[in-house]
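Work through the exercises below with the structure open. Each task is followed by a solution in steps.

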Amino acid sequence: MRALDEKETTAVFEKLFKFTGNNLKNIVEKPSHEGPEGNPGRCCFRLQKNRVYYVSEALVKRATNISRDKLISLGTCIGKFTKGGSFHLTIQSLNLLADNAKHKVWLKPSSEMSYLYGNHVLKGGLGRITENTSAGDGVVVFSMSDVPLGFGIAAKSTQDCRKLDPNGIVVLHQADIGEYLRMEDDL
């Protein structure tokens, strides 16, 4: 497990910034209250076998006793690098994104299951959307009871959603909590 180099850090931060905006600072500077030390440490990003983990520095120090080939996972896996070098967020990053999301979408109860099966969010299933959302922004999808369901990319701006027909796509699906069941072996 190693620290991210400059190119990898830029790719991770650009992707996180798309969803969190200026709240990215909260993720980077988040104190970690893990370990026996009295003063809280920080959380950091580490790379292990093309997967990026968000983990406390205290846990990283303790993990140095384990050899790299024996270490499977450490902290929360937030994404992975593809063979082409691009970075993709995984569903495990949902809690991190939901706490710091800049743009949010709430679904009607009737369309939650459709989204959890991997479908895009349609205008007919849209409950609410944050103001000033532009097309191409990263959005976190919530149920009407504020339970995070997944995340995606806004296909239309807030203004365009008002004029859209009920079958128009509002959010392009990227990941949802149904993946824990559908892709159990890959996670």
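**Exercise 1.** In this predicted model, find which residues of the largest nonpolar core touch the most other members, and state where this core lies relative to domain 1 and domain 2.

*Solution.* 
Step 1. The largest nonpolar core has 27 residues. Those touching the most other members are Val-12, Leu-16, Phe-45, Val-52, Ile-78 and Phe-151.
Step 2. Helix H4 (residues 94–100) supplies four residues, the largest share of this core.
Step 3. Residues of this core come from both domain 1 (2–96) and domain 2 (103–183), so the core lies between them.
Step 4. Another core, apart from this one, has 14 residues, including Tyr-115, Val-121, Val-139 and Val-141.

**Exercise 2.** Give the strand order of the open sheet and explain why one side of S8 and of S9 has no neighbour in the sheet.

*Solution.* 
Step 1. The open sheet has six strands, ordered S8-S12-S11-S10-S7-S9, with mixed pairing.
Step 2. S8 (121–122) and S9 (126–129) are at the edges and have a single partner strand each, so one side of each lacks a neighbour in the sheet.
Step 3. Val-105 is opposite Val-141 in S10.

**Exercise 3.** Describe how helices H1 and H5 are placed against the strands.

*Solution.* 
Step 1. Helix H1 (residues 6–20) lies across S10, S11 (148–154) and S12 (169–176), at about 100 degrees to S11.
Step 2. Helix H5 (residues 109–116) packs on the sheet and touches S7, S8, S10, S11 and S12. The directions of H5 and S11 make about 75 degrees.

Technical notes:
Residues numbered from 1 in each chain as written. Predicted model: local features only at pLDDT ≥ 70, side-chain atom pairs only at ≥ 80, totals over all residues. Heavy atoms only, no water. Pairing = 2+ DSSP bridges. Helix = DSSP H or I, 4+ residues; strand = E, 2+ residues; numbered from the N terminus. Contact = heavy atoms within 4.5 Å. Axes fitted to C-alpha atoms, helices over the stretch in contact; angles between N-to-C directions. Core = buried A, V, L, I, M, F, W, Y, C linked by side-chain atoms within 4.5 Å. Buried < 20%, exposed > 50% of the residue type's maximum accessible area, 1.4 Å probe, protein only. Domains from an automatic or database assignment.
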